[in-house]
Amino acid sequence: MGAPFSSGVAAERSVLSSGMYKLEIELKRGNNLAVRDRGGTSDPYVKFKLAGKEVFRSKTIHKNLNPVWEEKTTLVLDCLSEPLYVKVFDYDFGLQDDFMGSAHLYLESLEQQRMIPVTLVLKDPHHPDQDLGSLELAVTLTPKDSPLEERRDSTQQQSLRLSELHRKSQLWRGIVSIALIEGRNLIPMDPNGLSDPYVKFRLGPQKYRSKTVPKTLSPQWKEQFDLHLYEETGGVLEIAVWDKDTGRRDDFIGRCQLDLSTLTKEQTHHLELQLEESRGYVVLLVTLTASAHVSIADLSVTPLDDPQERREILKRYGVWRSFSNLKDVGIVQVKVMRAEGLMAADVTGKSDPFCVLELNNDRLQTHTVYKNLNPEWNKAFTFNLKDIHSVLEVTVFDEDRDWSADFLGKVVIPLLYVRNGEQKSYVLKNKELTGPTKGHIYLEFDVIYNTVKAALRSVVAAEQKYIEEEPKVSKQLLQQNFNRVKRCIMVLFSYGTYINSCFEWESAQRSIVSFVLFVLVVWNFELYMLPLGLLLLLVWNYFFCSSRETADMTMEAMFEWEEDEDDKEDKESEHKGFMDKLYAIQDVFISVQTALDEVASYGERIKNTVNWTVPFLSCLAITALCSATLLLYLIPLRYLVLAWGVNKFTKKLRDPYMIDNNELLDFLSRVPSDVQVMQYRELKIDPGQSPNKRRRTNPS
């Protein structure tokens, strides 16, 4: 009996070493998974890994601690000695996903050629005592008949299937444009008989939060935003109304749902949705449209490299189509080639880098290159362009087995600054974008857009990011914003001092010239001279002002910030009264800090418009000033004022749901402030240092 048994063991080991096994896994469900979201739920998905490489990723089940997946996958194994590593994460749109637990499936212990139910208990290696729930699987392990051919074919098909699944999971099929107009007859949640309502929207993994309208039961929001449609049927839009409370948890007012599959596409729907759990209504305008150009492709099949497709795109955004579909400004293609000299984030001295590209609220990412500090992705990403003043954010992360991805570096690139078809190396920066970190990334851009549409979109409200970090109290940031406001005030003060010096006759020649100019201008003044004077200032700075280079140097000196210190959390033992005061002080602090930032930003943006920091916008300002000069010269002022008044008085009658905006402020919002100019600046590579030398000189 001993000999046959030993020969059977030898045969089994021979099969094991030859890679002759097929593992069929059915991911059934999860039970009592960990809570990771504020609402007491999670958005779980599951990853399978073999030998450190991801071989399967499930779909995401939203807002469920007992998800049912019922997904199947088949793996081809080289050997059974390597366990299958199973990890569960909570998906967070725009943020790093949260770890929910992991487990190992030891393949050597599985009985072959029959389906085996398996329950995996999830654990956190750093907190083994936590109860993180379990996963239910059905596993079938069978030997393969023709090991080499089938293993090679199946491995290739599996790799292609995973790559295609990863690509398709990121691409959206359409856009849902939502205008949140108002709320009606909401219930009071505060002692004064009113509420401070705001609205949360959720469509799959995407979230949006409106502004808060204080002390009202009939709030007027008038906000417009877009969400992506990943499902052909549209999906269900979840809407929840909350009451904002300072220092304590916000109060829930009510919720409702909208099934987007019931709406006709390419048509605007006026909807009054009643809240399900209380009285009141929410008024929306909803439009479903198809998405034109969103893709992820290999470098060999990029859309803009096909001459015929490129001609069609150039025709679509040609001058003759300047007034069709004004929101479709253009197309952006970004080729992510490779990175060099990245920071080592793992204990092995390597990293598992992947790259995330964000254009406003559009977010795509590359695959992960494992155990490499010089990864090559060679992918081309295509985005729809809705605003030529958008800034592309490219962030490199290190994939972590059990925790959130580690930050490796970031670069932000205004689209107006790129040159088409030029492959360029960008030095990676730290999280604050104030200094370099290790490594650089090679990118190539192709931006095609309609200039008329881009100019018209420059004077409408810019798209806001849906997911942004909550503002934190920072003494350093408050001091920085105060200094920025102080600099703007000092510029105005210096101009006032100069004018006063003319009155005081400190320089006789200057005072005589100023007096003659003053008399001539006042005697012959016409209103058209105001925009003409600003026009002359822009032209003067373009031809004669050499301060742009020196301004860059002074800004670099001004913004040499220290590393931000994380604010420490208050001790839980402090009594509630003190905490209430602390929350109140914190709100005041943040309001002052934000107000200083806004004042300083607008002052710097006006200066940067005149200084030709963004030539496109300065040219646009020249066009507007020329038009204003011509209108004021040809048309009497009373007619222009009359037309403006008639327009303002009849605007509400013509369109009751029009969202008001200030064209001048919207234009200035496209001009970068001094802080943004510093963040967008490219860092120069030292040609005398190779990536290996930088790695030795810069500690990770």
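Author: A salt bridge is a side-chain nitrogen of Lys or Arg within 4 Å of a carboxyl oxygen of Asp or Glu. In this predicted model, the side chains of E24 and K22 meet that description, with 3.8 Å from N to O.

Reader: How exposed are the two partners, E24 and K22?

Author: E24 is partly exposed, with a relative accessible area of 32%, and K22 likewise counts as partly exposed, at 27% relative accessibility. The general idea behind such pairs is that side chains of opposite charge can pair when their charged atoms come close.

Reader: How many salt bridges does a search of the whole structure find?

Author: The search, taken over the whole structure, finds 20 salt bridges. One of them is formed by K379 with D298, where the closest N and O atoms are 2.4 Å apart.

Reader: Is K379 buried or exposed, and what is the relative accessible area of D298?

Author: K379 is buried, having a relative accessible area of 15%, whereas D298 is partly exposed, having a relative accessible area of 38%.

Reader: Which elements are tied together by the salt bridge between D674 and K607?

Author: The side chains of D674 and K607 meet at 2.9 Å, N to O. D674 lies in helix α13 (residues 674-680) and K607 in helix α9 (residues 576-610), so the pair ties together parts that are 67 residues apart in sequence. As for accessibility, D674 counts as buried at 3%, while K607 counts as partly exposed at 35%. Salt bridges can also share partners, and in that way R29, E70 and E136 are joined into one network.

Reader: Which residues touch the most other members of the largest nonpolar core?

Author: A core of this kind is built from buried residues joined through side-chain atoms within 4.5 Å. The largest one holds 46 residues, and within it V336, L357, L392 and I441 touch the most other members. Helix α10 (residues 615-634) supplies the largest share of this core, namely six residues. Apart from it lies another core, of 33 residues, which includes L23, L27, L107 and I116.

Reader: What does L357 touch, once residues up to four places away in sequence are not counted?

Author: With those residues left out, L357 touches V334, V336, D362, R363, L364, F381, F383, L392, E393 and V394.

Reader: Finally, how many disulfides does the count come to?

Author: For a disulfide, the two cysteine sulfur atoms must lie within 2.5 Å, and by this rule the count comes to zero. For the accessibility of individual cysteines, C619 is partly exposed, with a relative accessible area of 39%, and C626 is also partly exposed, with a relative accessible area of 37%.

Technical notes. Residues are numbered from 1 along each chain as its sequence is written. This is a predicted model: local features need pLDDT of at least 70, side-chain atom pairs count only at pLDDT 80 or more; totals for chains, interfaces and linings use all residues. Side-chain values use heavy atoms; hydrogens and water are left out. Buried means under 20% relative accessible area, exposed over 50%, partly exposed in between (1.4 Å probe, protein chains only). Helices (H or I, at least four residues) and strands (E, at least two) are DSSP runs, numbered from the N terminus. Contact means heavy atoms within 4.5 Å.
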